[in-house]
Every structure is written in structure tokens, then in C-alpha cells.
Amino acid sequence: MNTADGPPPGLDFDDRTDFADAPRGLVDRFEPCVIRNSRGRVVWDNDRWDVMRRDCPDTVHPSLWRIGQLNSQQGLFEVVPGIYQARGLDGSNMTLVEGDTGVVAIDPLCSKETAAAAMELYRRNRGDRPVRAVIYTHSHGDHFGGVHGVTSSEAVGAGECAIVAPEGFMEHAVSENVFAGPAMRRRASYMYGATLPAGPEGMVGFGLAQGMSQGSFGLIPPTVTVEATGQELNLDGVRFVFQLAPDTEAPSEMNLALPDRAVLLIAENVTHTLHNVLTLRGALVRDAHAWASSITESLQLFGDAEVLIGSHHWPTWGRENVWRMLTEQRDAYAYLHDQTVRLMNRGLTGAEIAEELTEFPGELGRAWSVRGYYGSLSHNVKAVYQRYMGWFDGNPAHLWQHPPVEQARRYVAFMGGADAVLAKARSSYEEGDLRWVAEVLNHVVFADPANTEARELLATTYERLGYAQENGTWRNFYLTGARELRAPDEQRPVRPGFSLGSVDMIAALTTLQVFQSLAVCVDGPRAAAHRLLIRWEFTDSDDVWTLLLGNGVLTPLHGDAPGGEKPQATLRLERGALDRIVAGRSSFTDARAAGAIELDGDADALAVFESLLEQPSAAFPIVLP
């Protein structure tokens, strides 16, 4: 269900099990829970969610309000003796497992500052235990970005702390956070309601969490790779058994069990919400069938677990409850996959299937753990369709459509002009057909973005749609869209200068990955007029690379160019100089002037290369053309 005028039928709001489990084991909490960086800027404020202690207002779906009340609880919690979780200090949980001499930190939050605060809270209650290992359960940034808050590159390099991750972690962490990062971050500002005020008319969370911190994001590459299900590691005297779960919630993901403590950590594959088969910020389409099968394997491997914990939300205690939770989640992903495929093979398109599959059946439809707070049945079934069938629905009318602005101009003209469309849209608005109002007014706005009357009615429509959503990300998209229609320049984030990420993130990449990241920034049509060959000699590693630019394509070559072709320019530099340039902290010109790059050969070749790199947009329009 995505909209409702009141509590959804069939849901038991008198069931207080989750409200008993969410605060269970509370050891300590921050008062106030406001975390700042070294310059005093707030990177996390959990106190803004105190508003959720009130009764649900008319502007929020009651089911979404309920999950927000649960998610807004913060502090350090004891799961079982020796295992603790920091929750409500960021958009994810950090789990701390005590070992013989220190502690193992699992999923160190989004930011250095919040992770450090979580460690402070832990240590003031459990003593100053050193971090002996860090485990990344998967390749999403909210599960590794705060690693520098719990350990350091120096400690890892000295062998004092291991970094454990699943097979394929670095490849997918890079592709998501660097290759497509700029586009994803812009859409993520909508999905997570980054510009919305917290409260009944704004952001109330997004089901999976209440928000994402805005601190220092980093990455330390893994030193230990989990390569197979059943692999065991002894970390600081604690036995961990791993289950690889690729192509589930993330392309590189793993679950882990602590069999000596009867605890299963299910990463982000099982949560107290239906998750995304395709997240609205953008990602690779996930495999719902593999996801369901992975949970079945978890039941088979670790069915004796007495406690289930995850990288989000609160734990589940008791073997029967653990089985119920895993089974409900498994069946949710299997149902939406299988029924989408059934209807797809009947000839329905993704949009049509979404209108058919609006609720889970029977007991599954009454289970709190599979409500569509983060993912939704509607956009998940479209994602399953997309995974199998792609963007094209088979109708030749949709094969070569005009782009949005040209479509909009033609639609508005066919419908009798903007004034006529607005008049009809007001009638449909009064009749409550808000989906139709949004569609036709979007055409008016894209045909003439200066039409303030259309923009205001569209913004009001988005607000009404947003207030009715059970899904937190849908709500955030609608309400952010409304704000940007009314004040677009105030809402869009602006990040000047060329940058593909933080220095720390870029430094964690291989040199090949850095050059591949630059390749997707090359302006191909302009670059097609040039052929460049530039040799890169990294003086701190004796590594040599050659970049070949031809046919509008940048090709990294390890070593010299084939065929003995001579480079136009040779650069000598430390790898850190390149990292700073790619992160936007310097430029090729500045680095040469500072002596960080020595150049032999044609300096114009480097200048041309630099001029062909396009700055990714941090603020491209979404609800306006």
C-alpha cells in the first residue's frame, strides 16, 4: 500500500512487540544526541526526531510514523553478553563483538564522526578496548564510510587491525560510489529527503533509517577477503562463520554467524521493512530470486540461531521469532519475483503489473516486517520486469519517443494550450485524481518552466501525494520535488570544481580504477578529434601506466603502449598527487606549479587531456527541464 486516508486495514497497531524489542538492552545513550565534526558543523542530529514522540499527524501515513518512532531510538544496546550495537547514531547500525583482547567492529556507519562517537559511547561503558578487526558486510557506503572513526590506515598497515570484506567488495564499492556516484548522489538527495526539514510537513525518515549522516566519508581497503560460504575466521578469539550473498541487497554482500553465541548477523538482506529491488536513487537491478534463495540458505545454515541482528533496525530474539522473520522476508521477495514473472509472461508490462500487485496476500500482508517503507511492491515489481525485459515494453510507439521537453510541448499544444490544461487539472485535483494531475502538469512545466501557476499547483499536488505515502522514499521524492518547484536554486546542492569523491575514497582505489573513473568523464564527441598518448610514472611505487585517448575513448594500459608508439608527454608523480586532482583538491596545472608533477614532452597534450574531462553535475534539475 502506498496511500491511505487512515490506518491500513489488517495491520495490528496494538501489537507492541517491536516497541518492546527496539529499546531492549539499552546500556547508555547520548544526551543530547548531536554529533559534530572538528569544525563544529553538525553531521548527525537525532534529537530532531523528538517530534515523533507525539501522536501521528494528518500529514504523515500512520504506518510510516510508527516505523519512524521505532527507528529514532538511539544509544548503545546489549544484544547478548559480549555483543553490542550502536543504533540511532547514523543511517545504519554498528555491531561490536568483544574478543579476547579487544573488539571487532562490524559495519562502521557512514561517517568518521558518527563512528567515532559510537566508539566513545561503547568505551565509556565497556572500557578502552582496541579494535582488532573491522568487517564490511557489503559494498554500500553506509557500511564502510566511517571506518576512520574506529581504526586507522596506519593500524591496518601495521597488522594491528584486519579489514574483512566479501569477494568483489572493492569493485562494487567503486562502481557505485565513484563511477555513478554524482548521478546517484543527486537523486539520493531526493530519496533521503536531504533538503527537507524534519517534521510532520517534511522528512520523517525513510523506513530503513531516519537519515544519513553528513560527515567525513572514507575507505580502507580490505586485507582479508571472504571467498566462500562456510569460510571461518577467528578474529580476536571469536569464531565467525560466513555466508556469501552476492546479487542480493548488494552485488557484494555477506552474512555472518557467531555460532558460539547463537547469533546470526544478516547484513542488510533482512530488515524490518521491504527493501529495494531497485533503489530510487539508482543502482544495478537486484535479483529478487537470488535474494529469496539466499535467505533460504541462511535458514538452512543457521536455523539454530536464537538472535537475529542486522545492519539496520533492531534485533529479533527467540528461535521461533527468528524463523518467522526470515521466512516472511524470504517469501516477500519470492512472491514479488514469481508473481511479476507470471504476469509478465501473460503479456503485462511493468506498469500494469504494479497495478495488479498492490498488496501481499494473507498473513504476509499483515506482517509489519514486509511493509513498503523503503522498497515498495509498486517499484519493486517494475524492477523485476526491468531485470528480465529491460526498458522497452515491446510497444513500437515507445521505441523512439521524443525527449521530455519536446514531448511536453507537443502534449500541451494537443491539449489546447497551458490554460486549458490547467483548468482541467484543477478539476481533476478537486476530484482527487492526483496521479493524473501530476502527469499533465509535469508536461506544462516542462513545456514552460516559467509558468508559475502550473508549478505551484504541481507542487501542491506533490505535497498531497507525499503526505499520503506509507513509503518514506516516495514521500521524500514528492516533498523534495515540491520544494524545488517553488525554490529550485535554494534546494539544489552546489559543489564547485572537478571532483569524483573524497581524497580518502580515491586513495583506496587501484590506479586502474582511478583511470577508469576518469574515462567516464571524458567528453567523447569533443575528444574524438584528438589522439593522445600520455605516460604516467609513479615515483612512490615504480608503477607505470599509459593513457591512450582515441575515438573519444580513454583506455588505460599498464606499462608501455603496444607497438612501441611514443607518448607525447611523460608525467612523473606520486600517486597521492593524482588522488588529490581526481578528488578536486588540486588540478594538473596547480600540481605542476607546486612541483608535484614533473612533465617531459608536450605540455599541451596534458592541457588538452584536462580540458576534455567534464565536471560531473552535483545539481542537475529533476522536476524542471
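I started at M94, which touches Y84, Q85, A86, A105, I106, D107, P108, L109, A115, A118, M119 and V150, leaving out residues up to four places away in sequence; contact means heavy atoms within 4.5 Å. Before going on, I noted that this is a predicted model, where local features need pLDDT of at least 70, side-chain atom pairs count only at pLDDT 80 or more, and totals for chains, interfaces and linings use all residues. Numbering runs from 1 along each chain as its sequence is written, and side-chain values use heavy atoms, with hydrogens and water left out.

Next, the salt bridges (a side-chain nitrogen of Lys or Arg within 4 Å of a carboxyl oxygen of Asp or Glu). I find 30 of them in the structure. R319 pairs with E306, with the closest N and O atoms 2.9 Å apart. R319 sits in helix α8 (residues 319-344) and E306 in the loop between α7 (288-302) and β15 (307-309), so the pair ties together parts 13 residues apart in sequence. Helices (H or I, at least four residues) and strands (E, at least two) are DSSP runs, numbered from the N terminus.

Then I looked up R535, which forms a salt bridge with E537 at 2.7 Å between the closest N and O atoms. Salt bridges with shared partners join R535, E537, D560, R572 and D600 into one network.

Last entry: is T570 buried or exposed? I get buried, at 11% relative accessible area (buried is under 20%, exposed over 50%, partly exposed in between; 1.4 Å probe, protein chains only). T570 is in strand β20 (residues 569-573).
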